[in-house]
Amino acid sequence: MSGFLDRLLGRGKGSGATAKQRLQFILVHDRINLSPERMEEMKREILAVISKYVNVDDDHVDIALQQGNQRGSVLVAEVPFTKAVEGIERDDPEILSSLDETVPKRDAASGASRPEADEQRDD
Amino acid sequence: MGEAGRPTAKPPARPTTLPGPAQHNAHGKKSKVVTITSGKGGVGKTTTTANLGVALARLGKKVVLIDADIGLRNLDVVMGLENRIVYDLVDIIEGRCKLRQALIKHKAFPDLYLIPAAQTRDKTAVTPADMVQLTDQLREEFDFILIDCPAGIERGFRNAIAPADMVLIVTNPEVSAVRDADRIIGLIEAENKGPGQLILNRVKADMVRRGEMLSPDDVVDILAIKIIGIVPEDENVIPASNSGVPVSLNENSRAGAAFRNIARRLNGEEVPITPLDGGGNILQRFVRFLVGSDSQ
Ligand SMILES: Nc1ncnc2c1ncn2[C@@H]1O[C@H](COP(=O)(O)OP(=O)(O)OP(=O)(O)O)[C@@H](O)[C@H]1O
Ligand SMILES: [Mg+2]
């Protein structure tokens, strides 16, 4: 329906939209002025800190830059983890591994908040 | 520039050695140094400088244009003044002539002048401090001093923005041009010359309508910067520079009209920026009217 309306209005979903998306990705990386290696290092350090407290599901981590308000950038992190490791202060490897078994991954909801950068900008 | 937000617009601190109010010209009015820049080459800086110069002169302003593209002199040709050049920018700076001797007066507009670039030198012949000193002298006499910046982010760019009160960034609705504009905007902010204002040149309304070109809204959205004008792609531009008569003198040219509007905005007038006007077929316009969606 909205596609039909778009066509009636003479608005296509053409390469212009692709150009906009690509630019937003390119600029967010241009603007932060951080080399890819430093960026990776930062992600590793962030994960290392989080891993001190919870069991991070490494395979499904997603940390990425998005365009923020005005010319700023937002670092958006999605970090799924299994249940927090309560006994971690006790430093008991056996408790850790038993916890892993008792908390099935699919139940352990997770994640950091995800600010909707795009919505903020459409004011 | 990793920080969020942008410094709020405040008049840049201008290093000046002159005593007294150098910002005021002979008539006690504020003079303005406006630098036209882009990052990417070939997007329309020289065309814009020439047209804003002519349009401001037609508004009765006293205007001088400085071609800062040393080694690639062009503004003289677009203005139709190439056969009147004796001295150039580097001659003034190195003291081979008086400032007045290097000012080329336009034939049709007695209050419009050009300082041409040197053709046989390179950008290192001029320093940012030289440009500040030169424009401080020009401020005494002119309402507007427009500087045509060379492409790139090197010395020529630094020379051109050093004395600027206001920076205009010209870009085209195209990925690489917008990317370079973004880089320039960052550099301008870093030099405390920000935030600058955008001129989107060579917009093809029909392509925007078909979704095959970034719209002015898209570009403003991406760059997060104020826009001062939208200039359409116009076949009158090339004949105009062929004959050395800037297109803003052509009453029938849409690009000319866009440049005249930008000049009025620079001059402090409130001139609304029209969205890419109407176009499309009658049915499309009618439906857009009904749906109330004419944001393009
Ligand atoms: N609105 C327009 N419509 C059609 N042609 C245009 C328009 N604006 C500029 N042009 C053409 O684009 C070309 C480049 O313009 P111009 O020389 O002004 O760019 P520039 O940014 O000064 O280039 P450089 O970086 O080399 O100094 C010229 O041939 C000019 O005639
Ligand atoms: Mg040029």
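Trainee: What makes the pair between Val43(B) and ligand 1 a polar contact?
Mentor: This is a predicted model. In it, a polar backbone atom of Val43(B) is 3.2 Å from an oxygen atom of ligand 1. The limit for a pair of N or O atoms is 3.5 Å, so the pair qualifies.

Trainee: Which backbone atoms of Gly42(B) and Pro232(B) lie at what distance from ligand 1?
Mentor: For Gly42(B), a backbone N or O atom lies 2.9 Å from an oxygen atom of the ligand. For Pro232(B), a backbone N or O atom lies 3.1 Å from a nitrogen atom of ligand 1.

Trainee: How much of the accessible area of ligand 1 does the protein cover?
Mentor: On its own, ligand 1 has 630 Å² of accessible area, and the protein covers 79% of that.

Trainee: Which elements give two or more residues to the shell around ligand 1?
Mentor: In chain B they are α1 (45-58), β7 (197-203), β8 (226-232) and α10 (237-243). The most comes from α1(B), with three residues. By class, the shell divides into six nonpolar, six polar and five charged residues.

Trainee: Strand β7 of chain B also holds Arg202(B). Why is Arg202(B) called partly exposed?
Mentor: Its relative accessibility is 39%. Buried needs under 20% and exposed over 50%, so Arg202(B) falls in between.

Trainee: What is the phi of Arg202(B)?
Mentor: Near 65 degrees, a positive value in a residue other than glycine. Asn192(B) also has a positive phi, near 60 degrees. Asn192(B) sits in the loop between α7 and β7 of chain B. Most residues other than glycine have a negative phi.

Trainee: Which peptide bond is cis, and where is its proline?
Mentor: The bond from Gly194(B) to Pro195(B), with omega near -5 degrees. Pro195(B) is in the loop between α7 (175-190) and β7 of chain B. Most peptide bonds are trans.

Trainee: Now helix α6 of chain B, residues 155-161, which holds Asn159(B). Why does Asn159(B) count as buried?
Mentor: Its relative accessibility is 3%. The cut-off is under 20%, so Asn159(B) is buried.

Trainee: What does the side chain of Asn159(B) reach?
Mentor: The backbone oxygen of Lys123(B), at 3.5 Å. Leaving aside neighbours within four places in sequence, Asn159(B) is in contact with Lys123(B), Val126(B), Thr127(B), Pro128(B) and Met131(B).

Notes
Residues are numbered from 1 along each chain as its sequence is written. Chains are lettered from A and ligands numbered from 1 in the order in which they are written. This is a predicted model: local features need pLDDT of at least 70, side-chain atom pairs count only at pLDDT 80 or more; totals for chains, interfaces and linings use all residues. Side-chain values use heavy atoms; hydrogens and water are left out. Helices (H or I, at least four residues) and strands (E, at least two) are DSSP runs, numbered from the N terminus. Buried means under 20% relative accessible area, exposed over 50%, partly exposed in between (1.4 Å probe, protein chains only). A polar contact is a pair of N or O atoms within 3.5 Å; within protein, one must be able to donate a hydrogen and the other to accept it, and residues adjacent in sequence count only if both atoms are side-chain atoms. Contact means heavy atoms within 4.5 Å. Accessible areas come from the Shrake-Rupley method with a 1.4 Å probe; for residues, only the protein chains shown count as cover. Ala, Val, Leu, Ile, Met, Phe, Trp, Tyr, Cys and Pro count as nonpolar, Asp, Glu, Lys and Arg as charged, and the others, Gly among them, as polar.
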